[in-house]
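Let's take a walk through this predicted model. Have a look at the sequence and the fold, and then we'll go through them together.

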Amino acid sequence: MANPPSARISSRKQPKQARSADLVAAILEAAVQVLAKEGAQRFTTARVAEKAGVSVGSLYQYFPNKAAILFRLQTNEWRQTTGMLRGILGDRNRPPLDRLRALVHAFIRSECDEAAVRVALNDTAPLYRTAPEAREVRAGSDVAMETFLKEALPEAPQAITETVCDLINGTMSALGKQFSQSPRSAEEIAAYADAMADMFCAYIRFHGQGTGKQA
């Protein structure tokens, strides 16, 4: 059986004037509030338009459906995470494992700070997860992590680097989501991030020993 066609997730047009940009920003801010309060199941374009104080017709000028709004929110989140990842891992003034530890702490804090929206976005992911646009945006974090690991493990085979990249990215994403589903104190967040960072650093040291190069 053929797969059903994906919903259109690209914006209809990009705002070119300050007023239009403000309108889009208001729609996206309203979407975050509706998503956090109502959850994925009750998220609709009508609720977003009402919260933003605009007509549904004005919303549809930029977003053809709710999937397009959700994809924009998810894209913004992915790009923010990728920017954080590149900024921390690319700081060559710090030893590689110090950078990795800092990244884990920043990521887990971010997951907990924005848990309601992140969990709701994950629930809506089937609307856009397999779309080409989604794959393109997500690829940025993989490239940043692979670049970092080539520095941390310069003598490791490409296959090892790719495996370590997949395991770190996948573990941070899955466990960060799981951990952030309950309210956490600053002390709990720090302890959990330390434990995860210890695990990653030990794994990289292991591969560094195997190639004769310590990270």
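Of the chain's 215 residues, 41% count as buried.

What is the chain built from? Take the contacts with a separation of 6 or more: 71% of them link residues 24 or more positions apart.

Now, how far can you trust what you see? The chain averages a pLDDT of 85, and 86% of the residues score at least 70. Among the elements, helix H2 (residues 45-52) has the highest mean pLDDT, 96, while helix H6 (residues 115-124) has the lowest, 75.

Two stretches call for some caution. Over residues 1-6 the pLDDT stays under 50, and the model gives that stretch one contact beyond four places in sequence. Residues 210-214 also have a pLDDT below 50, but here the model shows nine contacts beyond near neighbours in sequence. Where pLDDT is low, the predicted coordinates should not be read in detail.

Let's finish with H6, the helix with the lowest mean pLDDT among the elements. Its buried residues are Ala115, Val117, Arg118, Ala120, Leu121 and Thr124. What do the buried residues of H6 pack against? Their partners are three stretches of helix: H1 (18-38), H4 (66-89) and H5 (96-113).

Key
Residues numbered from 1 in each chain as written. Predicted model: local features only at pLDDT ≥ 70, side-chain atom pairs only at ≥ 80, totals over all residues. Heavy atoms only, no water. pLDDT = per-residue confidence, 0-100. Helix = DSSP H or I, 4+ residues; strand = E, 2+ residues; numbered from the N terminus. Contact = heavy atoms within 4.5 Å. Buried < 20%, exposed > 50% of the residue type's maximum accessible area, 1.4 Å probe, protein only.
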